[in-house]
Amino acid sequence: MTPAQAVMELERGYLLQNYARYPMVIKRGKGCWLYDLNNRRYLDLISGIGVNSLGHAHPRIMRVMKEQISLLIHSSNLYYHEYQGPLAKKLCETSGLQRVFFCNSGTEAVECALKMAHGHGRKRSPEKYEIVALENSFHGRTVGALSITGQPKYRSEFEPLMPGVKFVNPGDPAAFEAAVSERTAAIFVETIQGEGGIYPMSAEWLRKARELADRYDALLVFDEIQCGIGRPGTHFAYQLHQPAILPDVVTMAKPIACGLPLGAVVSNERAAASIAPGMHGSTFGGGALACRVALEFYDILDELLPQMKRVSEYFFAGLRSLQSKHSIIREVRGFGLMIGVEIEFPCRHFVAQGMNDGLLFNVTHDNVVRMLPPYIITEKEVDRALKGLDKIFKNGKPA
Ligand SMILES: Cc1ncc(COP(=O)(O)O)c(C=O)c1O
């Protein structure tokens, strides 16, 4: 048995069998590259599903981590530490909102936003508890977040879920208008649908959501857990449009602490007023180590945004030229470093071909090659990715 087989065998014996992992054991990472047990390297175009925002072993992140580990990792929310306040200030300044709650993951951020929605509704009327959410959305795996996830494949085994949720098709503005009413406590929108296949919501659609939320005194919640904090080329995807369409609440998580678990909910005062002392909390949320790393991430992000914009344009131009060469590519879409390439047929087999060629990406929605590379990716690395993708697209359907 090889060392990699031993790792997989042991897991098969003891882990909950909820993941269908690829047969690869990762040992270490450096920059945009990951190395397996045999020291074979792979260009990481998926970055832990959007989490390793600054790649692996970033020198500045390692430096603050080492320093902070020796000072304080966690102290709970019973006491203050030095890093929640400055990080919250940055999140407010960059989002245009006013109050922050820290948690540990995306789904927990969505749970907090749901409690804000219900608190907001209950203050106004016992009838105001409905949530309007979108078909094809993904908001997480906990019961609340699952209840507003508009993809039956994730929900069906667990129903009945939270009542009062109405799903609307993002392509049907009339149905959207009909679904929102005085009973609506909140509208939840992924500004760019990620798991659903990299579908950006149009500015027109987001404006309609804002207008309906205002008309019926509902909260507008943007879930930017996958598309947020720098990935779209701006801090938040709702800032891609001019004038920006401001939500009442935005949820975020993945890239913020460069691989450490940290999530956040940022809201305006109106939404924040729905949570009184004791109504919500988290033991781990907003620990000193995670917050300090996130502060460093934020500083680095400010310096990186111009480079990200340049590399993103280069990547999209390269993919569009592959599209003109390979008729199997239906569409190239996304913003910044959140990229989807829609293929005419189910293409999960591309993932294994990529791995054989030293490229890591995944396929979502059966036929969308999804890439969420680290923000530090260079043109040279993009060239390497395009070369590999060219070969994969040429191979086409499995034999
Ligand atoms: C838009 C969106 N919301 C919520 C989640 C759930 O995040 P987590 O897996 O950290 O709970 C995800 C995860 O992919 C996501 O993409």
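The structure is a predicted model, in which local features need pLDDT of at least 70 and side-chain atom pairs count only at pLDDT 80 or more, while totals for chains, interfaces and linings use all residues. Residues are numbered from 1 along each chain as its sequence is written.

The chain is assigned to two parts: domain 1 comprises 3–58 + 305–395 and domain 2 comprises 61–300. These bounds come from an automatic or database domain assignment. Taken over C-alpha atoms, the centres of domain 1 and domain 2 lie 26 Å apart. Their contact draws 27 residues from domain 1 and 22 residues from domain 2, where two residues are in contact if their C-beta atoms, placed from the backbone, lie within 7 Å. On the side of domain 1 that touches domain 2, at least two residues each come from helix 2 (47–50), helix 11 (288–325), strand 13 (329–335), strand 14 (338–343) and strand 17 (368–371). Helices (H or I, at least four residues) and strands (E, at least two) are DSSP runs, numbered from the N terminus. This side of domain 1 holds twelve nonpolar, eleven polar and four charged residues. In these classes, Ala, Val, Leu, Ile, Met, Phe, Trp, Tyr, Cys and Pro count as nonpolar, Asp, Glu, Lys and Arg as charged, and the others, Gly among them, as polar.

The ligand has 14 residues around it, of which Gly 106, Thr 107, Gly 140, Ile 225 and Gln 226 come nearest; a residue is near a molecule if its C-beta atom, placed from the backbone, lies within 6 Å of it. Helix 5 (residues 106–124) contributes the most to this shell, with three residues. The shell divides into four nonpolar, seven polar and three charged residues.

An open sheet of four strands has the order 1-2-3-15 with mixed pairing; two strands pair if DSSP finds at least two bridges between them. At its edges stand strand 1 (26–30) and strand 15 (359–360), each of which pairs on one side only. Strand 1 runs antiparallel to strand 2 (residues 33–36), and four bridges join them. Ile 26 has Asp 36 as its bridge partner in strand 2, and Gly 29 stands opposite Leu 34. The two strands form a hairpin with two residues between them, and Gly 31 in the turn has a positive phi of about 60 degrees.

Burial separates other elements. A residue is buried if 20 or more other C-beta atoms lie within 10 Å of its own, exposed if 12 or fewer, and partly exposed in between, with C-beta atoms placed from the backbone. Helix 1 (residues 3–14) lies largely in the open, because the number buried among its twelve residues is zero. By contrast, strand 4 (residues 99–103) is mostly covered, with four of its five residues buried. Five bridges join strand 4 to strand 12 (residues 263–267), and the two run antiparallel. Within this pair, Phe 102 has Ala 264 as its bridge partner.

Val 250 lies in strand 11 (residues 249–252). Val 250 counts as buried because it has 29 C-beta neighbours inside 10 Å. Leaving aside residues up to four places away in sequence, Val 250 touches Ser 95, Leu 97, Phe 222, Glu 224, Phe 236 and Val 266.
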